[in-house]
Structures are given as structure tokens and as C-alpha cells.
Amino acid sequence: MGALFELLSSIGTLLLPFIKEVTEEEIDKNIKFLKQYQWVLKHWDDDKYKELINEDVDVRYVIGKFNRNKMKKISYHNKYQIKINKVLLTKTNYRA
């Protein structure tokens with residue numbers, strides 16, 4: 001039984017560095033960064049989306065998780081645009 005716990009602990013130790021913690025500071029920086037894009041400003045002007053961006057844990061996590069340096073790549077930018085739009089639409093439909 002002890003060997004099983006040791007094995008699980010080892011696996012957890014290996015995977016832990018790949019799980020990104022998201023801080024409020026990163027979320028705020030990413031929101032400020034995203035405001036340079038027109039598609040984000042459209043969401044920001046809509047009160048229901050703005051509320052989700054400011055308050056919803058899941059939406060804020062997705063926003064905080066992306067890498068600002070990689071946003072220069074079109075493929076990465078498009079990927080995160082889709083992710084953010086998807087979580088906003090899901091949350092909007094959930095609240096309705």
C-alpha cells in the first residue's frame with residue numbers, strides 16, 4: 001500500500017510543474033492586454049460579458065491562463081479568442 005502512495009506522489013510531483021496557477025495580477029494584466037483587440041472591446045461594451053469578465057471564476061481563469069508573449073502568433077491568438085468566446089457564451093447561456 002505504501003508503494004502505491006509513493007508512486008502516486010511521484011506522478012503528482014512530475015505533473016505539478018505543468019499545471020499553471022493563475023493569479024489575480026496575471027488576470028488583470030491579461031485583461032488590460034486584451035483590450036487592444038476589437039473583439040474584446042465588443043465584449044467589454046456588453047454589460048453581461050463585462051460582468052462575467054470581472055466576476056466569473058471560470059472566465060477569469062481562461063483569461064489569466066493565456067501567455068501574452070505567444071499572442072503575437074496568429075494560431076495561438078485564434079485559439080484563445082475561440083476559448084474566451086466559448087466560455088463567455090457558455091456562461092451567458094447558463095445564466096439565462
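Q: How many cavities of 30 Å³ or more does the structure hold?
A: This is a predicted model, where local features need pLDDT of at least 70, side-chain atom pairs count only at pLDDT 80 or more, and totals for chains, interfaces and linings use all residues. Residues are numbered from 1 along each chain as its sequence is written, and side-chain values use heavy atoms, with hydrogens and water left out. A cavity is a set of points on a 1 Å grid over the protein atoms alone where a 1.4 Å probe fits but cannot get out. At 30 Å³ or more, the structure holds one.

Q: Which helix supplies the largest share of the lining of the largest cavity?
A: Lining residues have an atom within 4 Å of a point, and here they are I31, L34, W39, V40, H43, W44, I53, I63, I84 and L88. Helices are DSSP runs (H or I, at least four residues) numbered from the N terminus, and α2 (24-34), α3 (38-45) and α6 (74-95) each supply at least two lining residues. The largest share, four residues, comes from α3.

Q: Are α2 and α5 roughly parallel or roughly perpendicular to each other?
A: Their axes, lines fitted to C-alpha atoms over the stretch in contact (heavy atoms within 4.5 Å), are 8 Å apart. The angle, on a scale from 0 to 180 degrees between N-to-C directions, is about 75 degrees for α2 and α5 (residues 57-65). Since 65 to 115 degrees counts as roughly perpendicular, α2 and α5 are therefore roughly perpendicular.

Key
1 Å grid on protein atoms, 1.4 Å probe; cavity = no way out; pocket = protein on both sides within 12 Å on 5 of 7 lines; lining within 4 Å. Points joined across faces, edges and corners; volume = space filled by probe spheres on them. Parallel < 35°, antiparallel > 145°, perpendicular 65-115°, else oblique.
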